[in-house]
Amino acid sequence: MALIALPAAAVTEAQLDTIKSLGSLNGVALKCRFLDETNRMKEVLVKTLPKRRELGLAFEEQTNDSFLKFISEGQNCPDRLEFSHNVDAAIKALGEAF
């Protein structure tokens, strides 16, 4: 299992995947203007994650990639309720990982 070396902390790939999962959802939320979901995800990240710049950058990079992919593939916005359930699941996974 690969680790990201951080000062006084280490993050597993599984933990990083949970951050990236939220970033992917955040990119869609931004494009679809689900701003309440964006705010909810960021609030959970701030409350849950160790305060490390690298973790925030991983989230932001995944958000950007997801946003650009969504646009380039011409995807339609998902159902709002289903999207909210997906965010719930990703938040739960993050909580379990950290």
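Where does Arg33 lie? I looked it up first: Arg33 lies in the loop between α1 and α2. Helices here are DSSP runs of H or I of at least four residues, and strands are runs of E of at least two, all numbered from the N terminus.

**Ground rules**

I noted that this is a predicted model, in which local features need pLDDT of at least 70, side-chain atom pairs count only at pLDDT 80 or more, and totals for chains, interfaces and linings use all residues. Residues are numbered from 1 along each chain as its sequence is written, and side-chain values use heavy atoms, with hydrogens and water left out.

**Entry: Arg33**

I checked the backbone of Arg33. Its phi is near 60°, a positive value in a residue other than glycine. Then I checked exposure. Arg33 is exposed, with a relative accessible area of 69%. My cut-offs, with a 1.4 Å probe and protein chains only: buried is under 20% relative accessible area, exposed is over 50%, and partly exposed is in between.

Two packed helices are described by the angle between their axes and the distance between the axes. The axes are lines fitted to C-alpha atoms, for helices over the stretch in contact, and angles run from 0 to 180 degrees between N-to-C directions.

Helix α1 covers residues 13-31 and helix α2 covers residues 35-48. They pack at an angle of about 155°, with their axes 8 Å apart. α1 and α2 are therefore roughly antiparallel to each other. The classes are: under 35 degrees roughly parallel, over 145 roughly antiparallel, 65 to 115 roughly perpendicular, and the rest oblique.

The crossing of α1 and α2 is left-handed. That term applies if the near helix is turned anticlockwise from the far one by less than a right angle; clockwise gives right-handed. I listed the residues that meet, counting contact as heavy atoms within 4.5 Å. Leu22, Leu25 and Asn26 are among those of α1, and Met41, Lys42 and Leu45 are among those of α2.

**Entry: α2 on its own**

I compared length with expectation. At 1.5 Å a residue, the 14 residues of α2 should span 20 Å, and the end C-alpha atoms are 20 Å apart, which agrees. The expected span is 1.5 Å times one less than the number of residues.

Which residues of α2 are buried? I found Glu37, Thr38, Met41, Val44 and Leu45. They cover an arc of only 130° around the axis, which puts them on the same side of α2. The arc is taken from the directions from the helix axis to the C-beta atoms. On the other side of α2, Asn39, Val46 and Lys47 are exposed. The buried residues of α2 pack against α1, α3 and α4.

**Entry: α3**

Helix α3 runs over residues 53-72. Its 20 residues should span 28 Å at 1.5 Å a residue, and the end C-alpha atoms are 28 Å apart, which agrees. Leu55, Ala58, Phe59, Thr63, Ser66 and Phe70 are buried in α3. They cover an arc of only 130° around the axis, which puts them on the same side of α3. The face turned away from this buried side carries the exposed residues Arg53, Glu61, Leu68 and Ser72.

Just after α3, Gly74 takes a positive phi of about 60°.

I then paired α3 with α1. Their axes come within 7 Å and cross at roughly 45°. That makes α1 oblique to α3. Here the crossing is right-handed.

**Entry: Pro78**

Pro78 is found in the loop between α3 and α4. At 29% relative accessibility, Pro78 counts as partly exposed. Leaving out residues up to four places away in sequence, Pro78 touches Val28, Cys32, Phe34 and Phe83.

**Entry: α4**

Helix α4, residues 80-97, has 18 residues. From first C-alpha to last, α4 reaches 26 Å, close to the 26 Å expected at 1.5 Å a residue. Phe83, Ser84, Val87, Ala90, Ile91 and Leu94 are buried in α4. They cover an arc of only 120° around the axis, which puts them on the same side of α4. Leu81, Lys92 and Glu96 are exposed on the face turned away from the buried side of α4. What covers the buried residues of α4 includes α1 and α2.

Last, I looked at α2 with α4. Their axes come within 11 Å and cross at roughly 5°. That makes α2 roughly parallel to α4.
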